[in-house]
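Please open the model in your viewer and keep the sequence panel at hand.

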Amino acid sequence: AGIGAAFGVALLCCLVGDLPSVDGQRVGPNERPTDLSQVDYIVNETSTKVAGWAQLEWVDTDNVRHVGHWVDGKVLKPEEMEKGYCTGSKAFGSCCFNGEGSFILPIIAGEHRWNRGFRAFVYLMGLFWVFLGVSVLCDAFMNGIEAITSQTKMKKVPMYDRNGHKKVDASGKVIFTEVETEVWNPSVANLTLMALGSSTPEILLSVIETGGSGFYSGNLGPGTVVGSAAFNLLLITALCIQALPDGELRKIEKYNVFALTAVHSVIAYAWLCVIVQFSSMNIVQLWEAAVTLAFMPYLTLFVWAADRNWFKSHQIYPEAEEGYDEEGAEAAGAATRDGNVDKTGSTEGGIETGRSFDRAQAASVRQVNPSRAQRRREAMRFISAPQSVQVMQATRRQSAGGPDDHAEISFVSAKFQFMENVGDATIGIKRTGPVNFPVSISWQTVDGTAKAGEDYEEGSGKVEFEEGCHYKEIAVRILEDEEWNEDKDFTISLKMESSTDVIKLGLAKTTVTIIDIDHPGEFCFNESTFMFMSSDSKAILAIERRLGSAGVATVKFKTLDGGTAEAGKHYESVSQTVTFQPDQAAAFITIPLKPEGWAEVDAEHATTIRFFAELEDPTPAGGATLGKNSKVEVLVRMVDAAGEEDGEDESWGGQFRLALTVENPKEASAGELTMHYVTVVWKLLAAVIPPTSYYNGKLTFVVALGLIGLVTTFINDLASIFGCLVDLEDSVNAITLVALGTSLPDTFASMMAARSDTNADNSIGNVTGSNSVNVFLGIGLPWFVAAAYWEALKAPGNEAANAAWAKKILRSFPDKEYPGVASKIIEENPTGAFVVVGGSLAFNTLIFSILAIVCLLFLYVRRVFLGGELGGPKGIQLASSAFLMCLWVIYILISSLQVYHPEWFPDLSSAGGS
């Protein structure tokens with residue numbers, strides 16, 4: 001996209017036509033050139049929009065330099081063009097008559113004569129609208145990325161016995177089996193393609209700005225990269241911390257990968273500061289840009305190794321793990337069908353060789369933790385409406401479990417609840433699959449909101465399963481107090497005692513909730529919305545009893561019309577009293593559904609119908625209460641006879657129909673309808689992108705990337721012209737308005753992941769990897785190309801280009817604003833170089849690096865003392881969020897003040913190299 005923009009600039013330059021040569025004649029102090037032969041310098045290489053125009057510079061007989069415009073045979077001064085605003089150094093602003101810094105806009109003749117306030121408002125609204133557009137396109141881009149990264153392949157791997165040795169047949173040859181394995185390592189996919197998908201606007205903005213300007217540096221692209229990193233790490237993390245209910249915690253599961261990317265993200269921005277300010281001040285040399293770009297494959301390899309536990313002290317078998325399917329142990333299933341598995345239970349590779357706990361844990365939670373791409377799609381659905389059937393289908397597939405015929409050890413439930421006076425809480429552990437050999441596992445309690453020594457006695461130990469044993473129990477002592485408390489919880493984790501035991505861990509973590517005995521509790525539904533399919537015969541709703549379960553308590557349940565579903569036609573009305581016995585924490589209500597009622601539903605306009613369910617009149621009165629989700633929405637989505645959702649059409653035509661469809665228009669709110677019509681143009685443009693069924697998403701990836709590049713060019717123009725109109729410097733514009741706009745979908749996606757996932761990996765765990773990619777690709781790639789371009793022009797025969805470069809540097813960095821900078825650069829690099837004046841960029845990256853270290857240390861402290869990076873007691877949540885938000889505000893204030901009042905801050909150039 002950047003190269004295309006550069007060619008476009010060169011092509012449009014031809015519209016100016018043939019200009020007379022310059023002979024150096026001078027005019028008087030109060031005169032102006034009458035023809036182009038009297039000017040000193042013709043700026044025609046950036047004249048991109050209006051034919052017969054050029055920017056001019058001339059020196060009068062008093063040696064005073066002037067700037068003007070050649071328009072239709074006349075020389076006009078800037079104040080005659082822009083009523084005094086576009087004067088001096090602002091004469092070349094992107095909002096001025098044929099100014100610099102934009103590629104496509106403005107496209108309306110005479111626009112520069114509009115009222116500046118009105119014009120600024122138009123460009124601001126346009127910028128917000130294009131932000132929505134690039135988000136919609138990135139949504140389609142993420143679909144392609146997910147299709148690519150979810151591909152699997154069959155791989156031939158050796159089989160291992162229970163002692164970790166390769167199995168051989170009677171002739172001594174190693175026995176192999178074919179297993180299904182993912183083509184992309186999940187951590188590598190998150191760091192590369194997933195991070196690219198979430199950071200595409202920032203990366204392409206930097207690429208287009210550099211390539212389209214003739215390989216000169218700009219402030220908008222690099223500034224957006226740094227500003228977006230600050231927004232992601234500080235503000236999104238702050239919002240995710242307080243997105244959880246009071247007392248809930250989320251922690252990063254793959255902490256080794258997070259720590260690795262966190263360290264490298266700080267190194268990335270510190271390195272950026274070094275190369276522009278200290279290594280070769282104001283010049284980016286080719287080797288510096290090459291090192292920046294090379295960090296990307298280096299970090300990718302490092303993360304891949306860390307994900308495979310290459311840095312653990314014990315022995316592992318990487319080739320064995322390749323065939324292990326985290327979704328359902330299909331590898332073992334395939335081996336069993338082929339008759340290649342030892343009947344004692346050993347599988348290919350010995351599943352527990354070196355990373356049993358981590359991989360089995362990941363397998364057990366993956367069903368409830370959708371990918372980052374899906375979370376981003378849900379965020380875009382939340383922003384732009386309506387819901388896409390593809391997303392609903394994907395969500396349904398994510399929530400569906402599958403059978404597992406592997407031998408495994410698991411907790412019998414993911415959650416246990418006990419009264420605080422229970423004494424010893426007994427937790428069941430089951431063993432399924434082959435049981436004809438003994439196995440040993442260990443267990444350990446981990447603090448949550450319940451603390452060892454205060455609410456329960458810390459426990460750990462071993463559990464021995466003898467041959468033929470299917471079930472064991474462990475006991476944890478619960479400590480009773482005399483005061484009423486909210487529900488508290490802690491977790492218990494399982495780990496294989498020996499890495500040579502050939503058995504899989506299933507549900508390896510369970511949550512134990514301690515319920516205060518002094519309160520009858522509150523009643524609520526466990527979800528705010530329930531989704532079912534029209535082919536389902538019944539809807540099952542769960543009612544929870546929280547904050548106590550003393551004695552017998554009741555609550556009334558009833559269904560309500562009020563939606564598009566009708567009682568008696570689409571579902572049977574239910575009204576009953578639900579009785580909870582002492583210590584009972586949950587109950588289930590069944591609502592019969594009537595699939596035959598869909599015959600009269602207009603499928604063209606309503607693919608989902610809804611009704612409501614409500615709780616009321618809890619008893620005992622004065623004790624039992626209703627919780628937050630006491631009234632919920634029940635959605636029933638249409639499916640066809642084959643069980644597929646109606647409207648599930650992955651064809652190109654289906655995409656266009658979906659783009660134009662408003663789901664349930666009669667029930668859609670005014671805001672939902674407004675957002676649909678505001679974004680419908682972008683949805684139609686996204687529908688042009690080929691579906692992921694073409695070439696496994698690769699065609700989707702390429703076309704979406706091209707369209708995002710085109711739309712990002714408009715972001716560059718709109719942001720640049722708006723900043724020019726309101727006198728907002730590009731470097732400040734980048735870290736505030738542009739960074740906010742490009743990061744908005746990721747904000748909603750992270751908050752959704754924080755609330756819905758069982759860990760913090762999708763919400764904040766990927767932030768540091770995305771920030772690293774922003775530097776290594778978003779800055780490393782365009783800077784490497786630009787540095788190589790100027791390095792090539794140092795060869796003999798490019799004297800004209802070198803002279804044009806020198807004039808450009810003199811004009812871009814006038815002595816009034818950059819004392820002595822331009823002359824020093826030209827003196828030290830007479831044949832040209834890629835110039836990146838440190839200034840605000842170096843200062844911004846330095847401040848961000850310091851604040852990033854503070855933020856990461858703060859998250860580590862929360863992990864150690866609270867048990868998770870996100871959530872916790874509400875008071876601590878709010879305090880933590882306020883602290884991180886203050887860090888972001890400090891970053892914005894200091895960075896902005898440095899731009900407008902550099903004299904208030906230390907001069908970094910005094911420490912820079914030459």
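Begin by selecting Cys273, which touches Phe278, Ala842, Thr845 and Leu846 when residues up to four places away in sequence are not counted; contact here means heavy atoms within 4.5 Å. This is a predicted model, in which local features need pLDDT of at least 70 and side-chain atom pairs count only at pLDDT 80 or more, whereas totals for chains, interfaces and linings use all residues. Residues are numbered from 1 along each chain as its sequence is written, and side-chain values use heavy atoms, with hydrogens and water left out.

Keep Cys273 selected and show helix 6 (residues 255–279), in which Cys273 lies. Helices (H or I, at least four residues) and strands (E, at least two) are DSSP runs, numbered from the N terminus. Cys273 is buried, at a relative accessible area of 4%; buried means under 20% relative accessible area (1.4 Å probe, protein chains only).

Now select helix 21 (residues 839–866), whose 28 residues reach 40 Å from first C-alpha to last, close to the expected 40 Å. The expected span is 1.5 Å times one less than the number of residues. Just after helix 21, Gly867 takes a positive phi of about 95°.

Finally, turn to the open sheet of four strands, ordered 13-10-8-15 with mixed pairing. Strands pair if DSSP finds at least two bridges between them. Strand 13 (471–477) and strand 15 (504–505) are the edge strands, each pairing on one side only. Strand 10 (residues 424–432) runs antiparallel to strand 13, joined by seven bridges. Select Gly428 to find Glu473 of strand 13 opposite.

How values were computed:
Buried < 20%, exposed > 50% of the residue type's maximum accessible area, 1.4 Å probe, protein only.
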